[in-house]
Amino acid sequence: MKVGKDTVTSLDVGRFRLDGGAMFGVIPKILWSRTNSADELNRIDMAMRCLLIEGDGRRILVDTGARGQFVRGDGEAL
């Protein structure tokens, strides 16, 4: 996508799972589960993305800042 003279690219850098009820709040599960199926622990798949901004001979990476906080101690992604 172009923003002014710069090009902005979304980079998919990982997946993680969070509780669907917490993510959608007061929206009933019957509605959000149509597009976001939950596992047996009611977790839905989420994407982590960074933005790559390129222009004027520069590259800027805008990171999600999540580090490893969505990984259990045994290395399995949450």
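Predicted model: local features only at pLDDT ≥ 70, side-chain atom pairs only at ≥ 80, totals over all residues.
I looked up the strands next. There are four of them in an open sheet, in the order β1-β2-β3-β4, and the pairing is antiparallel. Which strands stand at the edges? They are β1 (2-3) and β4, and each has a single partner strand, so one side of each has no neighbour in the sheet. As background, I jotted down that strands of a sheet pair through backbone hydrogen bonds, in a parallel or an antiparallel way.

Then I went to one pairing in detail. Strand β3 covers residues 43-55 and strand β4 covers residues 58-62; the two run antiparallel and five bridges join them. I picked L51 to follow across, and its bridge partner in β4 is V62.

**Entry: the turn and two positive phi values**

How many residues sit between β3 and β4 in their hairpin? I found two residues there, and D56 is in the turn. Phi of D56 is near 55°, which is positive although the residue is not glycine.

Where does N42 lie? I placed N42 in the loop between α2 and β3.

**Entry: the salt bridges**

Back to the charged side chains. I noted that D12, R15, R17, D39, R43 and D45 are linked in a network of salt bridges. I went through some of the pairs.

- D12 and R15 meet through their side chains, with N to O at 3.6 Å. I looked at R15 too: at 43% relative accessibility, R15 counts as partly exposed.
- D45 and R17 form a salt bridge whose closest N and O atoms are 3.9 Å apart. This pair links distant parts of the chain, since D45 is in strand β3 and R17 is in strand β2 (residues 6-19), 28 residues apart. D45 is partly exposed, with a relative accessible area of 36%, and R17 is partly exposed as well, at 24%.
- D39 and R43 meet in a salt bridge at 2.9 Å, N to O.

Is D39 buried or exposed? I read a relative accessible area of 16% for D39, so it is buried, as that is under 20%. R43 has 18% relative accessibility and therefore counts as buried too. So in this pair I have a buried Asp and a buried Arg.

**Entry: F24 and W32**

I searched for aromatic pairs and the count came to one. How far apart are the ring centres of F24 and W32? I got 5.2 Å, with the planes at 10°, so the pair is stacked.

I stayed with F24 for a bit. F24 lies in helix α1, which covers residues 20-24. Leaving aside neighbours within four places in sequence, F24 is in contact with W32, N36 and I44. F24 is partly exposed at 25% relative accessible area, whereas W32 is buried, with 4%.

**Entry: a nonpolar patch**

Last stop was the surface. Which residues form the nonpolar patch? I listed V26, I27, I30 and L31, which together have about 430 Å² of accessible area. I took L31 for a closer look: L31 sits in helix α2 (residues 29-32). Its relative accessible area is 41%, so L31 is partly exposed.

Conventions. Residues numbered from 1 in each chain as written. Heavy atoms only, no water. Helix = DSSP H or I, 4+ residues; strand = E, 2+ residues; numbered from the N terminus. Buried < 20%, exposed > 50% of the residue type's maximum accessible area, 1.4 Å probe, protein only. Contact = heavy atoms within 4.5 Å. Pairing = 2+ DSSP bridges. Patch = residues over 30% accessible without salt bridge, like charges linked within 9 Å, V, L, I, M, F, W, Y side chains within 5 Å. Areas by Shrake-Rupley, 256 points an atom, 1.4 Å probe, with all protein chains shown as cover. Salt bridge = Lys/Arg side-chain N within 4 Å of Asp/Glu carboxyl O. Phe/Tyr/Trp six-rings, centres within 6.5 Å; stacked < 30°, edge-to-face > 60°.
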